[in-house]
Structures are given as structure tokens and as C-alpha cells.
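Trainee: Could you walk me through a few spots in this structure? I would like to go residue by residue and then look at a strand.

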Amino acid sequence: MSTKPRTLYEKIWDAHVVDRRDDGTCLIYIDRHLVHEVTSPQAFEALRLAGRTVRRPDLTLAVPDHNLPTTPRVDAAGARVPIADMESAQQLAALEANAPSFGIRYIGATDAAQGIVHVVGPEQGFSLPGTTIVCGDSHTACHGGIGALAFGIGTSEVEHVLATQTLLLQQSKTMEVRVEGTLGFGVSPKDVILHIIGVIGAAGGTGYVIEYTGNVFREMSVEGRLTVSNMSIEGGARAGLVAADDLTFAYLEGRPMAPKGADWDAAVAWWRSLATDPGAVYDKVVTIDAGDIAPSLTWGTSPEDVVAITGAVPDPMSFADPSKQEAAKKSLAYMGLTPGTRMQDVPVDSIFIGSCTNSRIEDLRAAAAVARGRHVAANVRQALVVPGSGLVKRQAEAEGLDRIFIDAGFEWREPGCSMCLAMNPDKVPPGDRCASTSNRNFVGRQGPGARTHLVSPAMAAAAAVTGHLADVRELVGEAA
Amino acid sequence: MTPVRIVEGRAIPLGRKNIDTDVIIPAHYLKTISRVGLGRGAFETIRAEPGNLFDEPQFARAPILIAGDNFGCGSSREHAAWAMLDMGITAVIAPSYSDIFSGNAVKNGIVPVVLPQAAVDRLLEVARDHPITVDLESCTVTTPFQDRFAFEMDPFRRECLLGGLDEVGMTMAQGARIDAYERGAAADRPWLSAA
């Protein structure tokens with residue numbers, strides 16, 4: 001192995017090369033494979049047709065999340081509630097049958113540990129630092145928050161990993177996103193990543209793996225790092241990374257699938273050795289001053305359309321690039337917004353607190369802190385809180401957060417992807433405007449015709465109780 | 001996978017930037033457990049726009065799509081590639097792609113051609129009324145008007161497309177190397193299998 005200083009990404013990559021072809025393509029070993037119901041049925045079917053098996057079922061974990069309704073899954077008598085949508089039911093049934101028939105561990109719809117795969121992985125200690133993690137889901141980037149090289153793959157690659165536990169890949173370039181300084185009051189990890197995407201653009205990270213460095217990430221909680229890394233893909237980067245440190249180890253130690261005893265000690269020692277070497281060179285460096293980051297949100301239909309909550313809807317002609325002017329015009333028409341309107345004057349119809357980006361316990365605490373003692377505004381038609389997993393839900397209930405939300409007029413739901421992508425019955429109706437803690441504001445993402453503003457959990461709660469996009473700093477005093 | 005060498009015919013001059021995979025195929029079509037039939041939902045929100053290109057008869061079953069930067073961004077859903085294939089599209093021309101989409105395209109026999117914006121602009125103009133040709137053998141895009149744009153493609157991806165190769169089968173033939181890697185990793189990092 002070379003003695004040249006290496007980045008965290010290069011060290012993880014080097015440790016997973018099975019074979020290097022002459023053309024530079026590498027066969028990379030995959031340590032952990034998460035599987036959900038939407039992107040796996042065609043892969044299992046292909047294995048079956050070719051008479052192939054799953055090489056390492058022990059390194060594979062299946063969890064349904066996208067299609068599951070967030071209404072109760074068992075009735076008073078303890079029986080499973082049937083899923084009304086026949087196609088959803090069929091897709092969920094396919095995973096429920098494929099997992100045991102290929103010998104894969106399965107956390108089913110009624111299991112207390114069920115949740116969104118990207119919440120379940122770290123929560124169970126299945127996701128570990130320094131591992132390669134894949135899933136047929138672009139938000140696999142999430143697991144980079146604990147220092148894993150984690151990225152989304154297509155269904156053909158799902159099949160490839162199931163059959164061989166490897167992938168054929170080209171090494172990515174490296175980008176350092178360094179955020180130094182002190183985050184202002186009311187600025188959350190979600191605001192940090194929205195701001196970063198606003199700076200680098202939706203394609204800024206294409207071809208790169210981002211490593212997030214600087215004191216802001218060192219001081220950020222592990223859950224906050226998961227939020228940041230989750231949205232690396234919205235900046236075009238297939239993966240993000242935050243080096244594992246004592247906070248990461250404290251977060252993972254004792255989790256059900258995490259190493260134990262001497263294995264744990266050996267693992268921690270190896271994980272520490274993966275930090276980027278002094279003098280290692282990134283292909284690109286972006287530096288951001290933490291003081292420049294405000295509570296932020298999106299105004300358009302690309303996650304790069306970011307503005308501070310104190311700002312206004314931009315004039316499409318203010319963009320230098322003619323194609324961006326055109327895109328902004330289309331976005332504003334879709335979003336029903338007029339240039340110059342103050343963001344805080346925009347009323348909302350729906351609130352969604354959830355998704356693999358923002359559905360962990362810290363997210364729910366942040367939203368509950370704003371909702372406590374207040375009520376969802378009369379003009380808000382639906383306000384959903386969807387915990388990321390059954391375990392998050394149980395923890396929130398133990399802390400009384402469910403009562404705070406319910407008393408404030410929110411609906412307290414069962415875990416899943418829910419209104420982030422509207423594959424289950426949770427949809428934003430056509431033309432309605434949603435303040436959402438999810439990750440994509442694409443046209444039709446939360447339902448046909450739905451208008452999405454991406455925000456932090458606290459900002460979603462602030463929008464819920466005021467009935468319009470709102471600056472959370474005006475609701476929660478700095479001294480409080 | 002069907003080998004692909006030359007894609008020739010009409011090209012839909014869409015041109016837009018940041019076409020995400022939710023636009024290529026909305027989530028409500030992802031409940032299928034099959035790879036076929038997704039063409040009916042492809043580009044649904046664009047098709048709903050009055051006077052959109054997909055409605056123009058000369059672009060029906062056009063084998064090529066021309067787009068702007070960052071084509072296929074967002075979700076990893078391979079359904080996007082399947083939906084385009086189902087529409088008859090086997091080549092895309094754009095200045096850049098999301099990493100996941102371009103991989104999914106290649107695995108389904110769709111050629112993701114990368115050309116500079118100026119070349120894409122010229123092709124958008126020609127494609128309104130004339131066919132174009134993507135030749136993966138010579139790595140060129142040509143028009144009936146002497147235009148000839150060379151493009152580059154990763155050699156391994158090109159080989160997979162030209163040969164219609166089954167990557168899973170190719171990698172399974174490397175079983176002994178994978179066995180050796182696993183033995184080494186199990187010795188160095190025994191906690192990996194402890195999960």
C-alpha cells in the first residue's frame with residue numbers, strides 16, 4: 001500500500017478492492033446491503049431465473065418502508081391490517097416472500113424495529129464506520145454520517161451485489177466541504193446541508209464523494225451528520241462522509257448488530273485509523289463560513305433553489321445562466337410563487353415531519369420544542385409526524401413527544417417513507433403547498449401537482465403553527 | 001442485455017437541465033414488480049404540458065433523447081432507464097448525467113453520450129427536423145449536415161454496451177478472487193461478519 005497521505009474515502013476504497021482491471025474499473029467488496037421493497041423485486045426475479053443464490057445473506061438486511069401505510073398495521077385483535085392498494089400490497093408481499101426464500105434477515109411491517117432503511121441501519125448497528133454500504137436507494141448516502149462509504153445503486157446493481165457481494169466501480173474524485181465557525185441560533189444540520197447545496201449546485205458533486213470537515217461537523221451530533229450526509233445526493237455526490245470519532249463510537253456501542261467485546265475494541269482502533277491523513281489532497285475544496293448559514297428553505301423545484309427564511313422569492317432574470325432563468329420561470333409557475341414575495345408571507349397547506357433525512361429522535365425533539373403549547377394553524381389541512389422507525393416512535397412516546405404533537409393538532413403516525421415520495425397513501429394534494437423535512441422538492445415528488453418547500457424539523461413545526469413559512473427564531477427565544 | 005452499436009433516427013430535443021428521475025418516471029409507477037410496461041408513465045408531468053415535444057408525431061418512438069446538464073439526477077430508481085427503454089429510447093445526449101443514472105443506463109443498453117453544451121445546442125437545433133446518428137464503435141455523433149462530434153466513454157462501459165455483457169456472470173467468474181478477499185477481510189476485520 002502506498003505511503004502517500006490518503007483521504008478517508010481513499011482509505012475505505014483501498015480496503016475494499018477485490019480486483020483492479022487494466023482500464024481502472026475496480027471490483028469493490030460490499031460489507032453491508034440494505035434492501036427495500038421497491039427496487040428489489042426485479043433483482044430477486046433475475047436471480048431466480050438464472051438459478052443464482054445470494055452470496056452473503058448474513059450481510060444483507062431487508063426492511064419494507066416505501067409503500068407501507070403509516071396508519072396502524074395491526075387491529076385491536078392483533079391481526080394484520082390488509083393494505084388497500086393492490087400494487088403496494090403485491091410489492092410488499094414480494095419482499096416478505098423473497099427475504100426468507102433467499103435466507104435474508106427481514107424486519108417486517110409489524111416488527112417494533114421496522115422503519116426507513118436508512119434510519120434502521122445505524123440504529124441497529126448494521127451500518128458501521130469504514131464499511132461499504134449499498135442499497136437500491138439514492139439516500140443510502142445517509143450512512144456516510146457515521147463514516148461509512150455508502151451509496152445508492154440501481155436494481156441491476158442490487159442483483160449484482162446479491163449474487164456476488166461486489167460491484168464494478170470507477171473510483172470517484174474527492175471533494176472536501178469544510179464548514180468552520182459558529183452556527184447561529186436556530187440553525188440546524190438541515191439548514192447546513194441546504195446551504196451547502198445552494199452553494200455547490202444540484203450537479204456540483206457529480207463524480208465526487210464529499211467529505212464534510214471542519215469544527216461544525218466535529219461538534220455536530222451523529223444524527224445531525226446523518227441528516228447532512230443524507231442529502232449529499234441532492235448536491236450530485238453519490239456519497240458523503242463524516243469521519244467517525246468518539247461521538248460516532250458512543251452512538252454505535254451496544255447497538256444490537258454492532259461488534260461486541262474485543263471485536264468492538266479492534267473495530268474502534270481500525271475506524272480511528274481511517275481519518276484523512278494530514279497532507280492528503282482533495283480534488284476540490286469548498287469552504288463555508290458557518291456564520292453565513294441562516295435557517296434555510298427551498299423556493300423552487302430543484303434542491304439547489306435555496307434561500308434564507310428572511311429572503312424573498314428570486315426573480316428568474318436575476319440568474320446569469322439563461323437555462324437557469326428558464327428553469328426558474330417554470331419552477332415558479334409550478335410553485336405558484338411571484339418574484340419578490342417574502343418567503344415568510346407564503347401560506348402552507350400541508351406539513352410533513354419525517355423521511356430518512358429528518359425523522360430521528362433529535363428531529364422530533366426539535367419539532368416538538370416549537371409545537372409545545374401551540375396549535376396547528378386553521379389553514380393547515382394536514383400535519384403529519386412520521387417517526388423514522390418503530391424504535392424512534394417508542395422513544396418519542398417515552399419522552400411524551402407524541403402528546404405534544406397530538407395536543408398541537410398533528411397526526412402521530414407509524415414509521416415509513418410516507419409523504420417524502422407519496423408511494424403510500426400519504427400525499428400532498430394537487431396545488432397544495434407543503435413545508436416538508438424531506439429531501440426532494442421535485443415536480444410531483446409528494447404527489448402530482450404538490451408544491452414542496454424543504455425545511456428543517458423546527459421550521460416545519462414553525463410553519464405548522466403559524467400557517468405560513470416562518471422563521472423559527474421568532475417563535476423560540478434564544479434564552480428559552 | 002441487447003448489444004448496441006449504432007443508434008440512428010429521430011432525437012427528442014428536450015434540452016432541459018436537471019431532469020430528475022421523478023420526472024422520468026413518477027413514484028406511483030414504481031409499485032410494479034416487472035421491468036416492462038413503464039413507458040406509459042415516462043415523462044408524465046412533461047407530457048401533461050400542452051404542446052410538449054412528446055406529443056409531436058415525428059418524435060413517436062424516437063430512439064434518442066437530447067437533454068441539458070445533470071440528466072437523471074435524484075432517485076436511484078432503475079425504473080427510469082426501464083421506462084425510457086420501453087419508449088424506445090436507446091441513446092441519450094447531454095452535457096452531464098447523475099452518476100447513478102448513467103450506470104443504470106449502461107446496464108440496460110442505453111448509451112449515455114456526453115457532449116459539450118455547444119455541441120448539444122447544435123444537435124438540439126438539427127433534431128427539430130432531422131435524424132441523427134450515435135455510433136458507439138467510432139464514438140461519434142453525426143448529423144445529415146457534416147456535423148461530427150466525438151465523445152468519450154469509459155472503456156469498460158463501452159465494452160459492456162457493445163458486447164451486451166452480463167456483468168453478474170462476468171463477476172461470478174471471479175469467484176476465487178472474491179473468496180480470497182473475504183478470507184483476508186475476515187482475518188483483518190473479524191467484526192465485519194459479527195452482525
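This is a predicted model: local features need pLDDT of at least 70, side-chain atom pairs count only at pLDDT 80 or more; totals for chains, interfaces and linings use all residues.

Trainee: Where does A:Arg238 sit in chain A?

Mentor: A:Arg238 belongs to the loop that lies between helix H8 (222-230) and strand S11 (239-241) of chain A.

Trainee: And is A:Arg238 buried or exposed?

Mentor: A:Arg238 has a relative accessible area of 13%, and because buried means under 20%, A:Arg238 counts as buried.

Trainee: Which backbone oxygen does its side chain reach?

Mentor: The side chain of A:Arg238 reaches the backbone oxygen of A:Gly152, at 3.1 Å. If residues up to four places away in sequence are not counted, A:Arg238 touches several others, including A:Phe151, A:Leu169 and A:Tyr208, and from chain B it touches B:Asp99 and B:Ile100.

Trainee: Switching to chain B, where is B:Arg16?

Mentor: B:Arg16 is found in the loop between strand S2 (11-13) and helix H1 (21-24) of chain B. B:Arg16 is partly exposed, with a relative accessible area of 24%.

Trainee: What is B:Arg16 in contact with?

Mentor: Leaving aside neighbours within four places in sequence, B:Arg16 is in contact with A:Lys330 from chain A, and with B:Ile46, B:Glu49, B:Ala67 and B:Gly68 from chain B. With B:Glu49 there is also a polar contact between the side chains, at 2.7 Å.

Trainee: And how far apart in space are B:Arg16 and B:Asn70?

Mentor: They are 9.4 Å apart, C-alpha to C-alpha, although 54 residues separate them in sequence.

Trainee: Now the strand: how many residues of S10 in chain A are buried?

Mentor: Strand S10 covers residues 208-213 of chain A, and 6 of its 6 residues are buried. A:Tyr208, A:Ile210 and A:Tyr212 point one way, whereas A:Val209, A:Glu211 and A:Thr213 point the other way.

Trainee: Which strands pair with S10(A)?

Mentor: Strand S9 (residues 173-180) of chain A runs parallel to S10(A) and is joined to it by 6 bridges, while S11(A) pairs with S10(A) in the parallel sense over 3 bridges. A:Glu211 has A:Glu176 as a bridge partner and stands opposite A:Leu241 in S11(A).

Trainee: What do S9(A), helix H6 and S10(A) make together?

Mentor: With helix H6 (residues 189-200) of chain A, S9(A) and S10(A) make a right-handed β-α-β unit.

Notes:
Residues are numbered from 1 along each chain as its sequence is written. Chains are lettered from A and ligands numbered from 1 in the order in which they are written. Side-chain values use heavy atoms; hydrogens and water are left out. Helices (H or I, at least four residues) and strands (E, at least two) are DSSP runs, numbered from the N terminus. Buried means under 20% relative accessible area, exposed over 50%, partly exposed in between (1.4 Å probe, protein chains only). A polar contact is a pair of N or O atoms within 3.5 Å; within protein, one must be able to donate a hydrogen and the other to accept it, and residues adjacent in sequence count only if both atoms are side-chain atoms. Contact means heavy atoms within 4.5 Å. Two strands pair if DSSP finds at least two bridges between them. A crossover is right-handed if, with the strands pointing away from the viewer, the path from the first strand over the helix to the second runs clockwise.
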